[in-house]
Amino acid sequence: MKISSFFYCLRQGFKNLWRNKMFSVASIATISACIFLFGIFFSIVINFTNIVKSAEEDVPITVFFNEGTTTERMKEIGEEIAANDKVKSVQFTSADEAWQDYQNTYFSENPDLAAGFAQDNPLAGSDNYAVYLNNVEDQQDVASWIETIDGVRSVRQSEVAANTLSNFNVLIGYVSAGIILILLAVSVFLISNTVTIGITVRKEEIAIMKFIGAKDIFVWFPFLVEGMLIGLIGAALPLSLLYVLYKQAVIFIMDRFSILTGLITFLPAKTVFEALIPTALILGIGIGFLGSFSTTRKHLKV
Amino acid sequence: MIHLENVSKSYSKDIEALHDVSLDIEPGEFVFVVGSSGSGKSTLVKLLMKEIEPTEGRIVVNKQDLGRLSRKRIPKYRRGIGVVYQDFRLLKDRNVYENIAFAERVIETPGRVIKKKVPASLAMVGLAQKYKAYPQELSGGEQQRVAIARAFINDPKLILADEPTGNLDPQTSWEIMQILQEANERGTTVLVVSHNQEIVNAMKKRVITLKKGVVISDEQEGMYINED
């Protein structure tokens, strides 16, 4: 195909959008509806994943030392743990700090009750490391490994919390995959039907083109351009709407349910849409391309 | 120009549209194909356009054996044939100029050439002033002239006209036949499928008569044989 013909077909694709206004609007509406649902689901899933990830980061392993372990040795143990790839961070709390935290938490309203322990730290020997992991699923492995380190007295971990979060992650994965597959199947079905109706209406046009000697590519190229444009617009419209809605929804939820502040943090719109925009655009253009390609080919045998 | 050798076409076991048809049409001839409904006239046009395949037999058009023509080469083959249909078959969403230019676009003619050829082609059929009009804004006769201008734009060696006057009044029908006659005088082979007894008899051309898929008559300066 000559370059001039390529641009001619490209222009025809744009013109076809306008020539077949009803069909274009129906197709754009179909894709928009699917991408809109996809976008809502995507925003929910990405936020859930983020909340779970934050929760994972708050479930540490606590490491206590043998009686008489020197500060030097504790430091060495801390460095050894921090060097492990699965460990995200290590935070040291001395016995004095632990007692101070305890007093702040339980005796803040009755400081007199703690006064009796002024010279005698009841939590002596409770110097510890809080070990935070990159992935909560590794908790059992890392805990077992830390227990083997010389000088470590005991390791405490929250298996229930770790397992719950781990299972929740897997559940989100399955549900996401399931819903995305259903949405994709519905989109392809709807767009294929819409394009079929559009092409059937234009079957005569295709036949005329073929009778006067148009090559297949000359016939289907403008349809492909048209399909991809429909997909692009069909994705761009709901994305704009979703952007505004997402921002408003986050503000509304945080205002209305102030109890959630501190418990959950919603991802900023920029972060969500940095991932959602390319995904939705590729999805929209892809659906438009596939829908046009498959149905146009069916009607080319004239 | 056209060579049919024992050509048969069946759509199903019981329906044979053409049966053992053999005929030759020489370059520069003007031929009418006549016959009642169901005689096989349209099937003949479809076979010549390679829209359908014969069940048996061999078809050669413009030295090309259609049985050996690959799907990829069909567009190029069709560009050598100008087709005119009863229902005009114009692209309704494009104006007169664009309809004719499209036939040039598909063979990738440069834009500057198209700009020269289309007005000349429109002038030939007397529609130079209406190049901006859309098909639905034109009369039947004008639409058929646009279709003829489109059919002629690539200087085809063969014109296939399937009932070109079927939807037109007598005066317009004669005007259309006049355009086809002039093209034939310039050397183009013209094959017209027609029901119009008056025109067929008046023009005194070769007439091939089909009945139930069989050629029952083939005469130079022939007459319309009324089957009814």
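1. Start with a helix pair in chain B. The axes of helix 5 of chain B and helix 6 of chain B come within 10 Å and cross at roughly 15 degrees. Angles under 35 degrees count as roughly parallel, so helix 5 of chain B is roughly parallel to helix 6 of chain B. The crossing of these two helices is right-handed. Note that the model is predicted.

2. Residues at this crossing. Helix 5 of chain B contributes B:Gly140, B:Gly141, B:Gln144, B:Ile148 and B:Phe152. They meet B:Thr172, B:Glu175, B:Ile176, B:Ile179 and B:Ala183 of helix 6 of chain B. By class, the contact holds five nonpolar, four polar and one charged residues.

3. Geometry of helix 5 of chain B. This helix covers residues 140-152, which is 13 residues.

4. Burial of helix 5 of chain B. Ten of its 13 residues are buried, so the helix is largely enclosed by the rest of the structure. Among the buried residues are B:Gln143, B:Gln144, B:Arg145 and B:Arg150. B:Val146, B:Ala147, B:Ile148, B:Ala149, B:Ala151 and B:Phe152 are buried too.

5. The contact between the chains. Chain B gives 18 residues and chain A gives 15 residues. On the chain B side, helix 2 (74-79) and helix 3 each supply at least two residues. Helix 2 of chain B has the largest share, four residues. The side of chain B that touches chain A divides into eight nonpolar, one polar and nine charged residues.

6. A helix pair in chain A. The axes of helix 1 (residues 3-19) of chain A and helix 9 (residues 216-256) of chain A come within 8 Å. They cross at roughly 55 degrees, which means that helix 1 of chain A is oblique to helix 9 of chain A. This crossing is right-handed.

7. Residues at the chain A crossing. From helix 1 of chain A come A:Cys9, A:Leu10, A:Gln12, A:Gly13, A:Phe14, A:Asn16 and A:Leu17. Their partners in helix 9 of chain A are A:Phe218, A:Phe221, A:Pro222, A:Val225, A:Glu226 and A:Leu229. By class, this contact has nine nonpolar, three polar and one charged residues.

Terms used: Residues are numbered from 1 along each chain as its sequence is written. Chains are lettered from A and ligands numbered from 1 in the order in which they are written. This is a predicted model: local features need pLDDT of at least 70, side-chain atom pairs count only at pLDDT 80 or more; totals for chains, interfaces and linings use all residues. The expected span of a helix is 1.5 Å times one less than its number of residues. A residue is buried if 20 or more other C-beta atoms lie within 10 Å of its own, exposed if 12 or fewer, and partly exposed in between; C-beta atoms are placed from the backbone. Two residues are in contact if their C-beta atoms, placed from the backbone, lie within 7 Å. Ala, Val, Leu, Ile, Met, Phe, Trp, Tyr, Cys and Pro count as nonpolar, Asp, Glu, Lys and Arg as charged, and the others, Gly among them, as polar. Axes are lines fitted to C-alpha atoms, for helices over the stretch in contact, and angles run from 0 to 180 degrees between N-to-C directions. Angles under 35 degrees count as roughly parallel, over 145 as roughly antiparallel, 65 to 115 as roughly perpendicular and the rest as oblique. A crossing is left-handed if the near helix is turned anticlockwise from the far one by less than a right angle, and right-handed if clockwise.
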